[in-house]
Structures are given as C-alpha cells and as structure tokens.
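Welcome! Have a look at the structure below, and then let us walk through it together, topic by topic.

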Amino acid sequence: MSEKQKKATAYWKENVRYLFILLSIWFAVSFGAGILFKDALNTIKIGGFKLGFWFAQQGSIYVFVILIFVYVRLMNKLDKKYGYNE
Amino acid sequence: MSVQVWTYLLVGITFALYIGIAIWSRAGSTKEFYVAGGGVSPLANGMATAADWMSAASFISMAGIIAFAGYDGSVYLMGWTGGYVLLALLLAPYLRKFGKFTVPDFIGDRYYSNTARMVAVFCALIVSFTYVAGQMRGVGVVFSRFLQVDINTGVIIGMIIVLFYAVLGGMKGITYTQVAQYCVLIFAFMVPAIFISFQMTGNPIPQLGMGSTLNDGSGTFLMDRLNGLSTELGFAEYTDGTKSVIDVFAITLALMVGTAGLPHVIVRFFTVKRVKDARKSAGLALLLIAILYTTAPAVSVFAKMNLIDTVSNEKYSLMPVWFKNWEETGLLTFDDKNKDGIIQYVADKDKNELTVDNDIMVLANPEIANLPAWVIALVAAGGLAAALSTAAGLLLVISASVSHDLIKKVFKPNISEKGELWAARGAATVAVVIAGYFGIHPPGFVAAVVALAFGLAAASFFPAIVLGIFYKKMNKEGAIGGMVVGISLMLFYMAKFKLGWLGEIPDKSEWWFGISPEGFGTVAMIVNFIVALVINRFTPEPPEEVQEIVENIRIPSGAGEAVDH
C-alpha cells in the first residue's frame, strides 16, 4: 500500500470512529430518551416539563444541532491533521 | 387597517420581492440552472435549505397536528430534524465531493449502470410529485381564507409565481428567493408565537413559556393544566399519546431516513464550493430549521389551551368572529347534537360537537389570541413563503431528473448545453402544470401519500447512497435489487393498508409488526439493505475504477465545482 493510500485509510478510520460516537448520541437522545425510556424519564419533572416529553419535543432537537456543529469542528481538525484541508 | 388590507399588502410586497430576485438571478447555463453555479455560501445555502425543507406542512399543519396528537406528534419533530444529522454525517460531504448535479447522477455513476439511474429517476419522480401536489394545495388554502379568492384561483396564482422564478432562474433563482422566503416564514412564525407566549405565561420565549406557569396568578404549570383539561374532556393526557412504542419508533426512523434521502434536500448540498462548506451548511440549515421546530410544539400547547378555553362549554351564539370565518371554509364545524346551544368538545365521538381541522390551528392562532391585524396577515404571507419555496425546490428536482438524467444521460447524450437548458425549462413548466392540476383536483390519495413520500425515499434512496459511500465493494446488482424491492414493498404496503387499492383497508390489528403505513418505510429500508447485501455476495465485484471513485469521495480535498462529465 502506498503512503498516500495509508494516509487515506487512517483518515477514513478516524472519520468512521467519530461517526459511530456521534450517531450513538443521536440515537440515545431521540430513540432512547424520547421514545424507549420516555415513561421512566417522565417521572422526573423540570419546571413544567416531564423529562421524557421534553426530550421528544425539545431536547433531542437541540442535541441534533450541537452534534452537527461538533462534527464540523472535529472534521475540520481531522482534515488539517491529514493535510486535506483547503 | 383591516386584516384584509394588511394581507394584500404583505403578500403583494413579498411576491414582488420574489419576482425581483428571480429577474436579478436568471440562470445562463445548465450549471447555474441545476446547482446555482456551485458557489453559494454556506449560510445562504443553509437558509435556502431550511426554506426548501420547511413546507406548507411544517408551517401550517405541523403545530396543529401536534396540538391534537400531543406526545404522538413528537414523531414529526424528531423525525424531520434528526434526519439532518444523518444527512450531515453520512451523505452531504461525500455527495458534494462526488460533485454531480442530481441524485440519480450519483446512483447512475456509482453503480455504473443506466438501469440504476433509471430506477433512481423513477423513485425521484414519485417522491417529488406526491410532495409537490400537497404544496400547491397549501397555497390554495391560504389564498382562499385570507384573500377571499376561490381556492382554484389561488392555486393558479401560486403556479404563475413559482413558474416565473423556477423556470427563469433555475436553482440560482430558487436559492436566492428561498433565502428571502426563509426570512419571511420564520418571522411570520415567531412573531405570533412570542406574542402568545408572553400573553399566556409572561415569558416571551415560546420554548421556555411552554414549560412555565400560567399568567393567571394560579401558579399552575401550563402543561399540567393542559393535561388536566385533556383528561377531564376524556382525551389522553397531552404528554402521553396513544400510539404504540414500536410504531412511534418506526415512524420517527422512517421520517429521519426519508428526510436524508429526499432528492430536493440532498441536491442543495451540490451548490456549495467545498466539502467543508457542505458540512457547515447542513449544520446551519438544521439550526435555522430548529428555530421553527422547537417553537412549533410550544405553539401547539398554546393553541390547544386557547381553543379549549374559548370554546369548551361556551354558548355558540357568543363565539368570536374567527369562529364564524373558519366555519365558512368548512375547516371548523359545529353540530349541536343535544340542541342546548352550548359547544361540547369532548373525546366521546357520539357527544362531541366540534370538529377542528389540524390546518387551522396555526392560521387561526393569532385571531384566537386576539393579536393585531398585521400579525394575522403576516401568517398568511409566511404560509405562502413556506409552500412556494418547497414547491420550487421540488420542481427543480423534477425538471433536472427529466432534462439531465433522462434526456442528457440516457436518450440524447449529444444534446447541446443550450438545448439542455431549454429542456430543463420545458420540463419545469410541464411539472408546474401537473402539480397545479393536482392542487386543483386533488385525488383523494394525495394527502395520504405526502406523508408517505418519506417512507418511499427511505425505502429506495437511502440504502443505495449509504452503501455506495461506506461499502466500497457494493455492486450494481445489489443496489438495483435493493431499490426495486424496497420501493415495491413500500408501495404495496401503502396500497394495501393506506389507499385501499387491494380491497378493503385491513384493520390496524393486521399491520405487520404493529407498524403503521407511515412507519413502514423503516421496514422497507431494512429489507432494501438486506436484499442489496445478499445479492451483492453472489454477484461480481464492481470494477476497479468504481472502487477508486469511492476511495476518492471519502477524501474531502479537491472537490472542485459540481461538473458535468
């Protein structure tokens, strides 16, 4: 394998690892907190919100936005590390 | 000034603005027509994507649906935003690097086959047409209620406006009009929400107002009060819902994956300069969408409270003007079953006397809350902006599918640049006319099918694109097989359980795995993945040069601009 290919493979591996972590969080806040564990979380109340309901109608969306911006940062850094930035 | 005058004024000004932008941003080449020249800034693209995405359904219907569905409405909130995470992480950067004009372009090239391209074109057309008909209908509804014109005239006016800037400006015209439309629609959505939130809870931020105590000095939380009232009237608790967990799960996933697979959304990421910009612009798009999507559930809660407060157990003769106005449109009906002249709004179908269409909750909300005339007019302009921007985006996908993917890539490869541009304009015109026809004569199944467009996108495109990027050895036989089986299965399930084309619609208890047609896209998508992978195992590997393309799209640098071959 050439140097260039090795670099590309290493970059791709790190990228996929980030995706795995970020998508786990994506799954946890929406399908986890907002759907599967909603009833359990609803026993906790913050202000007028039941927590499970809050995750389903508010919290998950905030986390989604944050996730994409974290991804943008991570990838920009990764691009720099491997010299793929432009 | 009256609501009427304000509405004419605001709608007139916004329409003039859209037309002005269209003239200023005419498309001169196919590249400008398909991808706005490829040099759109991430912020402009984010705004355009947000407007493109937020349709009449998001603006007009969603908050109303949630108001009546309570927790069950969460599927739309999570589904229509969570898809952007998938889009940003799994699709947009790679498709931008790939750098072509359309989604069928990617499928056709990645799977080195015109059959794959044709299947993709077919899927794109089905998805886009079902979706666009709903938008034209939305335009008609807003016109008929606020400008007192006939619903059909409304659709025709909408058609002319869209035709003007989509045909003239292509993607370039659409992009910049969508930027303006985003500003109009978000302003129009937020202003009444802030007013009402302040009125009811004393907190001007709707997202917080929803979780605050009521402004009436009782110290009760708004949500608790609403839960209490709902139970009293015999409904399920607002925060609980009635759908099964598996169905909520399946619908949410289908909407998310469908969002990520919708061609008119994906194509927006071809318009930015670099891969980096595609990622950032997906983030900005979701941020801008989230402003509306986190406000909508608050609007639902306020609207439901206000509605119950205004009508429940009150005398019909004392109803305010808006009640009568909406009765005239047939979207709100009162049937005094026990002849006592008092409105009974309860869960029990035999005793309930009031039916309220989902769509009027957002449109009537400012009137119900007694807001000033200009706010009511603003909502009309916002609803139109939402419907027109989405319609234009969809029309572009339809016209590009025909002129680029079919005519240029399959039937007449030696067509000139100019010829292709005219073909694109012609296809856009035909598409507007067909969409308008369905807007005026909506076949019964349109409304039902719009929600299912996501299932269709999930069942067809998403697996083929994801496998095309993340699995280098994925071959054409597998991808085509997966798409065909996926979309056929979804169409079959729709025909059987939603449209009733295969005999009587079976009872809910016969749903496969307890999953409704809206959520079945999830199942069809999984089947698509399995079929694709199994066929892939028993058929030859893709050629070396295709595997190199895949290696290449995984590296962000050197994207260049979206190019023709």
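In helix H15 of chain B, the buried residues are B:Ile360, B:Met361, B:Val362, B:Leu363, B:Ala364, B:Asn365, B:Pro366, B:Glu367 and B:Ile368. A residue is called buried if 20 or more other C-beta atoms lie within 10 Å of its own, exposed if 12 or fewer do, and partly exposed in between, with C-beta atoms placed from the backbone. Helices here are DSSP runs of H or I with at least four residues, strands are runs of E with at least two, and both are numbered from the N terminus.

This is a predicted model, in which local features need pLDDT of at least 70 and side-chain atom pairs count only at pLDDT 80 or more, while totals for chains, interfaces and linings use all residues. Residues are numbered from 1 along each chain as its sequence is written, and chains are lettered from A and ligands numbered from 1 in the order in which they are written.

- H15(B) is mostly covered, with nine of its nine residues buried.
- Just after H15(B) comes B:Asn370, with a positive phi of about 60°.
- Which residues of helix H14 (residues 321-329) of chain B are buried? They are B:Trp322, B:Phe323 and B:Trp326.
- These three sit on the same side of H14(B), because they cover an arc of only 105° around the axis. The arc is that of the directions from the helix axis to the C-beta atoms.
- On the face of H14(B) turned away from the buried side you can find the exposed residues B:Val321, B:Lys324 and B:Glu328.
- The buried residues of H14(B) pack against strand E1 (332-334) and helix H15 (360-368) of chain B.
- After H14(B) comes B:Gly330, whose phi is positive, near 80°.

**Chain B as a whole**

- Chain B has 21 helices and two strands.
- Its radius of gyration is 24 Å, close to the 24 Å that the globule rule gives for 565 residues, so chain B is as compact as a globular protein of that length. The radius is taken over C-alpha atoms, and the globule rule is 2.2 Å times the number of residues to the power 0.38.
- The C-alpha trace of chain B spans about 75 × 55 × 45 Å along its principal axes.
- Of the 565 residues in chain B, 59% are buried.
- Among contacts in chain B with a separation of 6 or more, 81% involve residues 24 or more positions apart. Two residues are in contact if their C-beta atoms, placed from the backbone, lie within 7 Å.

**A buried arginine**

- B:Arg225 is found in helix H10 of chain B.
- Why does B:Arg225 count as buried? It counts as buried because it has 20 C-beta neighbours inside 10 Å.
- Not counting residues up to four places away in sequence, B:Arg225 touches B:Leu214 and B:Thr220.
- B:Arg225 and B:Leu214 are 11 residues apart in sequence, and their C-alpha atoms are 8.6 Å apart.

**Chain A as a whole**

- Chain A contains three helices and two strands, in the order α-α-β-β-α along the sequence.
- The radius of gyration of chain A is 18 Å, well over the 12 Å from the globule rule for 86 residues, so chain A is more spread out than a compact globule.
- Along its principal axes, the C-alpha trace of chain A spans about 60 × 25 × 15 Å.
- In chain A, 36% of the 86 residues count as buried.

**Where the chains meet**

- How many residues of chain B are in contact with chain A? There are 40, and they are in contact with 35 residues of chain A.
- H13(B) gives the most to the side of chain B that touches chain A, with 11 residues.
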